[in-house]
Amino acid sequence: MKRTPVLLYGVACYAVFFATFLYAIAFLGNFLIGNPIDAVPTHGAGRAVAINIGLLAIFALQHSIMARPAFKRWWTQLVPAAGERSTYVLFSSLALILLFWQWQPIGAVIWQVDSPLGQGVLYAGYAAGWILLLVATFLINHFDLFGLRQSWLFFRGRPYTDIAFRTPGLYKVVRHPLYVGWLLTFWCTPTMTAAHLLFALMTTAYILIAIQLEERDLTRAFPEYESYRRKVPALIPFTKRRRTFDSSFHHPNHRAEINR
């Protein structure tokens, strides 16, 4: 492939991701759009649950399979290596778009927080989750994580180099701040319907499984990750006894974490 088409492809994939990211904020927060996660149900509960589980399974399978090193080795025999990450981001975005489009509300209210203070706290947690997501990506390398760095280096005719293993900021407190951000967006809501609860439970379970798969790959790629794993908690800060580790200790580029 020519350099300019690869760069344009990377930019287009990032644009699709960014639009999907903004829509996800509205979808999970019940803002501005006509069919948010807690909309009025249009089908029976059984059918809605079956459809929603299928949509979540599609996203989980796509996101996990395409993130595995063995799949990447096979996939880059078919697509240029410079476009592999952008393609992953595009497919993840398309899986989310399908979920947003076909999501079926169920309607039963599990909890409802009516006090202004309680709503304010939950909305603040929701906003904090999205902010945490963005901050965590920029701490490791936002543009590498979403494929733009790869396509830009290819456009410039420069070889790709892996991001250094590092533990900046939030990564000294928890190993997976991206996942912490996602969990806040899933659970911080003043109105929890049955559909929203199904989404939150399944995505939380997926995150817990994904951590095991991802850390297995990280330990193989970075032997020092095992020491880091023992010292820093995965999701809940300060749940392990903190020990000072070398300032040269680095955190890997957590590519597998993104849209999970």
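Predicted model: local features only at pLDDT ≥ 70, side-chain atom pairs only at ≥ 80, totals over all residues.
## Two helices side by side: H2 and H4

Let's start where helices H2 and H4 meet. On the H2 side, Ile-51, Asn-52, Leu-55, Leu-56, Ile-58, Phe-59, Gln-62 and His-63 touch Tyr-88, Phe-91, Ser-92, Ala-95, Leu-96, Leu-98, Leu-99 and Gln-102 of H4.

How do the two helices run relative to each other? Their axes lie 9 Å apart and form an angle of about 175 degrees. Angles over 145 degrees count as roughly antiparallel, so H2 and H4 are roughly antiparallel to each other.

## A second pair: H8 and H9

Now turn to H8 and H9, whose axes come within 9 Å and cross at roughly 170 degrees. H8 and H9 are therefore roughly antiparallel to each other.

From H8, the contact uses Tyr-179, Trp-182, Leu-183, Phe-186 and Trp-187. The H9 residues taking part include His-196, Phe-199, Thr-203, Ile-207 and Glu-214. Twelve nonpolar, three polar and one charged residue make up the contact of H8 with H9.

In soluble globular proteins, nonpolar side chains tend to be buried together. Here, the largest nonpolar core has 52 residues, and those touching the most other members are Leu-28, Leu-99, Trp-103, Trp-130, Phe-186 and Phe-199. Helices H1 (3–29), H2 (45–65), H4 (81–102), H5 (116–140), H8 (177–187), H9 (194–221) and H10 (225–231) each bring at least two residues to this core. Which helix gives the most? That is H9, with nine residues.

Apart from its neighbours within four places in sequence, Leu-99 is in contact with Phe-27, Leu-55, Leu-56 and Phe-199. There is also a second, separate core of six residues, with Met-66, Ala-67, Trp-75 and Val-79 among them.

## Cysteines and a residue in H1

A disulfide is a covalent bond between the sulfur atoms of two cysteines. How many disulfides are counted in this model? The count is zero.

Val-11, found in helix H1, has a relative accessibility of 44% and so counts as partly exposed. Its C-alpha atom is 29 Å from that of Leu-213, a residue 202 places away along the chain.

Key. Residues numbered from 1 in each chain as written. Heavy atoms only, no water. Disulfide = S-S within 2.5 Å. Core = buried A, V, L, I, M, F, W, Y, C linked by side-chain atoms within 4.5 Å. Buried < 20%, exposed > 50% of the residue type's maximum accessible area, 1.4 Å probe, protein only. Helix = DSSP H or I, 4+ residues; strand = E, 2+ residues; numbered from the N terminus. Contact = heavy atoms within 4.5 Å. Axes fitted to C-alpha atoms, helices over the stretch in contact; angles between N-to-C directions. Parallel < 35°, antiparallel > 145°, perpendicular 65-115°, else oblique. Nonpolar A, V, L, I, M, F, W, Y, C, P; charged D, E, K, R; others polar.
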